[in-house]
Amino acid sequence: MNQTRPSRIIGALAAALLLLHGTLAWWLRVPGLTSAQDDARYLLLARALRHFTYTQIFLVGQPVESLYPPVYPLGLALAGLLPGDPVATGIALNVACSTAALGVLFVLVRSWSAELALMVLAVAAVNPMLLGVAGTVASEPLFMLLSFLVLLVMLRPGATSRQRALAGLLAIAAALTRSLGVALILSLLLVWLYQREWRAAAWLVLATALTVGAWLTWTAVAPAQLAGQSYIGDAVLTRPAPEPPPAVPQVPEVEPQAPPATSDAAPATTRSPSMVTTLAARIGSNLPGYGARGIPLALGLPTLRGTTVDNWFWLIVLGVLGLGGAWSLTRTQPTAVLYLAGYAAILLVWPYRLGRFLAPVLPLLVMVLLLGAWRLAGRRGGAVALVLPAVLSGVLCVTGVANDAARWRTLRGCDRGAPYQSAGCYDRRQLDFFAAVTDLERRVPMDATLLMPKAATIYYLTGRRAVSEVQAATLDVPALDRYLRGQQVGYVLLSRIHFDQWVIAGTLRGLCRSLELVASPNPDAVLLHLVPDGTASGEGCAAIDRFVAGPWRE
């Protein structure tokens, strides 16, 4: 009876924390589509799946999708059969997946310590990054749920053949949700090889080859192999994309010519660095980038403005506690250790460093850090051993709640009935982008083809199709002219919503005598009409010059 009562109390506290997480995620959810475009692209893929295709319906020619694996869009397609707004339904699905994932994590950590499990759950429940991905249409929550289920199935030694089969299927589903899930498959394979489970390892290799392997093969042979449009293109990228400087000087109004600095192609006299040099440079940048800044920010650790001392302090703390926690897991949960190691290895060599890449493993990082603090304090020290992890989790909870409160105060001014016009829903640049989309819908014919940023978002809101902006950004002036006219592009929308627009606009300066200004609904956007060469007035040239000049960073 004495043991049952604390167990019930811990269960009740865990349920309360899970309810808190789900409630906060829904309250802090995005008001609608974001300007990031991933959410619109997932929703459009779900729409395509309901028509038994898997194509990019927002692009001219509707090419077959080769970037995003199909499991999450399939979940959205099934959820979309329910009545209601697909965006709200997709968010509700993510809130449920995120809450369930944290519940699985609680069960996982409780096998070592119920008190530690509550601390991990409390930190994750109020973490702003986890609430952010749960409150939008993104694949991270489902991926997180599938990966945590794999670790739960693999928790006990001596798994049965059915448990190993379940773990393998869940890992494959995770890799078909986010391609980073290959790290989870590799961790399972290594564990089974070490345990001499030859049959399980062979079946995993075969099943992976027929599913994940087939998908990755398609991504490798698909026509679009450009950085930003293909993971293969991203992986082999050796030259970073150009970005506007902090302050772009005003461009004098002169006769337009092709600006060589805006072309993505390297000059003929320079050579791209080797892949070995490129990987070394990525690791040299990503290791301190994630360790000293990315992970502390994702965890919500307190920092001091204007200094890097605190970043390096937290890097040392996280390194010590992380190594201690990982060492504790090597015997009880080797799959988790190998998974985190493989995941980290991929992030270190990836060309882009994005904070949201950390979201699917952030709860595991919290688990490892608190386990490390527990080990450092002495696992056999009774309640005293929980003091250090309790202090760390308390700090993370306080900073998390403070950031959540700030987000809530911002959203209080958001009119969810008209999110794309409400100042409390998005920042100024995003509102300018959505205002330009509204203006485009009013001015551009329904059957027109456009060159525009965030094509999936604009198609979802207006039904206008586009050509590939990523491909356009790689072309010089003559090639871009041929591309636009060959694809029968009638209009061009420029928006400062993304830096690649600086590259495209710079190239378009060489074509500005073929671009007639239609409207400039705000300082961050320009709508142009493609006309026969040399027939446009100078207004288009002046508008493009002003657009290129910025400001691009605020």
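**Figure 1. The whole chain.** Of the 554 residues in the chain, 52% are buried. Buried means under 20% relative accessible area, exposed means over 50%, and partly exposed lies in between (1.4 Å probe, protein chains only). The model is predicted: local features need pLDDT of at least 70, side-chain atom pairs count only at pLDDT 80 or more, and totals for chains, interfaces and linings use all residues. Residues are numbered from 1 along each chain as its sequence is written, and side-chain values use heavy atoms, with hydrogens and water left out. The chain holds 23 helices and 5 strands. These are DSSP runs, numbered from the N terminus: helices are H or I with at least four residues, strands are E with at least two.

**Figure 2. Strand β5 and its partners.** Strand β5 covers residues 525-530. Of its 6 residues, 5 are buried, so β5 is largely enclosed by the rest of the structure. Strand β3 (residues 491-495) runs antiparallel to β5, joined by 5 bridges. Strand β4 (residues 515-522) also pairs with β5 in the antiparallel sense, over 5 bridges. Two strands pair if DSSP finds at least two bridges between them.

**Figure 3. The β4-β5 hairpin.** A hairpin of 2 residues links β4 to β5. L515 has L530 of β5 as its bridge partner.

**Figure 4. A close-up of S495.** S495 sits in strand β3. Its bridge partner in β5 is A525. S495 is buried, with a relative accessible area of 2%. Leaving aside neighbours within four places in sequence, S495 is in contact (heavy atoms within 4.5 Å) with F433, P453, Q501, D524, A525 and F547.
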